Amino acid sequence: MIRFRNVFKAYPKGSLALKDLTFHIRKGEFAFLTGHSGAGKSTVLKLIFAEELATSGSVQVSGYHLASMSTRDIPKLRRRLGIVFQDFRLLEDRTAEENIAFTLEVTGARSSVIEPKVTRVLAQVGLAAKALAYPRELSGGEQQRVAIARALVNDPFVILADEPTGNLDERATRGVFQLLRDINANGTAVLMATHDLDLVRGTPFRTLELQDGGLVYDSAVDRPAAETES
Amino acid sequence: MRLAFREALRSFRRAPLLSALSVTTIAFAIFVVGLFGLVALNLNRALREVEKRVEVVAYLMRGTPVEVVTVAIGDVERFPEVADVTYVTEDQALARAQKELVELQGVFDDLVSNPLPASLEVRLKPGFRDSDHLRDVAERLRGFRFVEDVRYGRDWVIKLDRIRDLTAIGMLVIGGAFAAASVVIIGTTIRMAVFQRSREIAIMRLVGATDGFIRLPFLLEGSLKGALGGTFALGLTYVAYVAFDRMLLRAQFFNPAEAVVFVVFGFALGFSASLAAVSRHLKSVRPA
């Protein structure tokens, strides 16, 4: 479903963001991407949703080979992904339901299709009562729920969450995390980048740890990746 | 398309001040071009009025039979450059001179015989009223046996040619400079609007909007702003024209078709500036 093979990412100034990264995220899997700031977590996500291209190596997402994919296909790929950010990235001048509906509108969906879908995902994230609220009228946790609802509304095969709890208090963090777990329980894969190790600990989910752009630990093989290769 | 319209209008509502600023900037940029256009238009019309007076006069030998002159008029009228030919008899020439040169009335009264020759006054069609065509026609008229002399105010026509050429070059250079300046100003204004919405564009791209989908509301918005700016510029130019016409010189305003050019110019500028701005922005955020 998502496959990285010997991926390197260098930026124009010469800094190496990712080094020889190889991993595979399976259908319906929940995985954490951990590491310190600058370890390369966000870069991995950006490569998956084609915001950036790998310098070398192969990135495959849902059958798309991103290196050879035409720019015209990028929107098609993104419509199959749900993307959530630390800063929510909601349109401030639109209500919660308008923010979610917008995702469907850009795909050319009809309003008869949009309305029930928006209602469904708002209920799914527990915000049915706040459909008409503007982002500024919502708490951080609620805004992130709207962002998750927006990510969900296209029925993506994976949710890519980049530090989704980074701006939230502990209670909201737990709420958002539980929501992502529920979504995963319904069959949608989740790849969540976080540096919050408290959140990672005590969960049964796979953890991929990055350090200086390299994969140093993958719990799927239950030992440090470096040892595996040696 | 409906969604694109909605998004374009939403942008107007969301940033009314910036939108008003854009429209005003576009209006003033086009207004300056319009003012120049108005000057050029009136100058051109004044030149055309002067041009109408350009004619070649062929003085006929005394005693040339009217039948011969009539045949010659038919021949001259068939010259491709010629608009019309007027035969002025000796008596008509004298009557005209007496009417126009009142101060020489005494001289006319003492005349025993009419010294003025008959003539053919040849006016040329628009587009042929320059010194080259006048000289050609004059040469051909000289070829008639009964033509004694041909006059067309050569120096004056050459000066007119120069004024016309200078005006055309001036119009092209200054008009082009004004138009280029307005393109830059409008382009910058629209780019500001695009930049202000870069966050929204980023979100649109993240949720899978195609470049065409993202572009459309911006193109509509830019075109609408351009057309509105063009309309305001037309109004401003009309006010300037009325003030000029009443206080300084009688002038003419654009005809309806020319007036529509303001709106079309604004629309086209708004459209192309938006297309350039949003395409450049989208190009800058392509994956690399």
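1. Start with B:Arg45, which is buried at a relative accessible area of 18% (buried means under 20%, exposed over 50%, partly exposed in between, with a 1.4 Å probe and protein chains only). This is a predicted model, where local features need pLDDT of at least 70, side-chain atom pairs count only at pLDDT 80 or more, and totals for chains, interfaces and linings use all residues. Residues are numbered from 1 along each chain as its sequence is written, chains are lettered from A and ligands numbered from 1 in written order, and side-chain values use heavy atoms, without hydrogens and water.

2. B:Arg45 sits in helix H2 (residues 16-52) of chain B; helices (H or I, at least four residues) are DSSP runs numbered from the N terminus. Beyond neighbours within four places in sequence, B:Arg45 is in contact with B:Gln252, B:Phe253 and B:Glu258 (heavy atoms within 4.5 Å). B:Ala251 is 206 residues away in sequence, yet 9.5 Å away C-alpha to C-alpha.

3. Now the interface: 26 residues of chain A are in contact with 19 of chain B. The two chains bury about 2000 Å² between them, 58% of it on carbon and sulfur atoms (accessible area lost on being put together, 1.4 Å probe, summed over both parts). A:Arg78, A:Phe102 and A:Val106 supply 24% of what chain A buries against chain B, more than any other three residues.

4. Three salt bridges are counted between chains A and B (a side-chain nitrogen of Lys or Arg within 4 Å of a carboxyl oxygen of Asp or Glu). One of them pairs B:Arg205 with A:Glu51, with closest N and O atoms 3.8 Å apart.

Definitions and conventions: Helix = DSSP H or I, 4+ residues; strand = E, 2+ residues; numbered from the N terminus.
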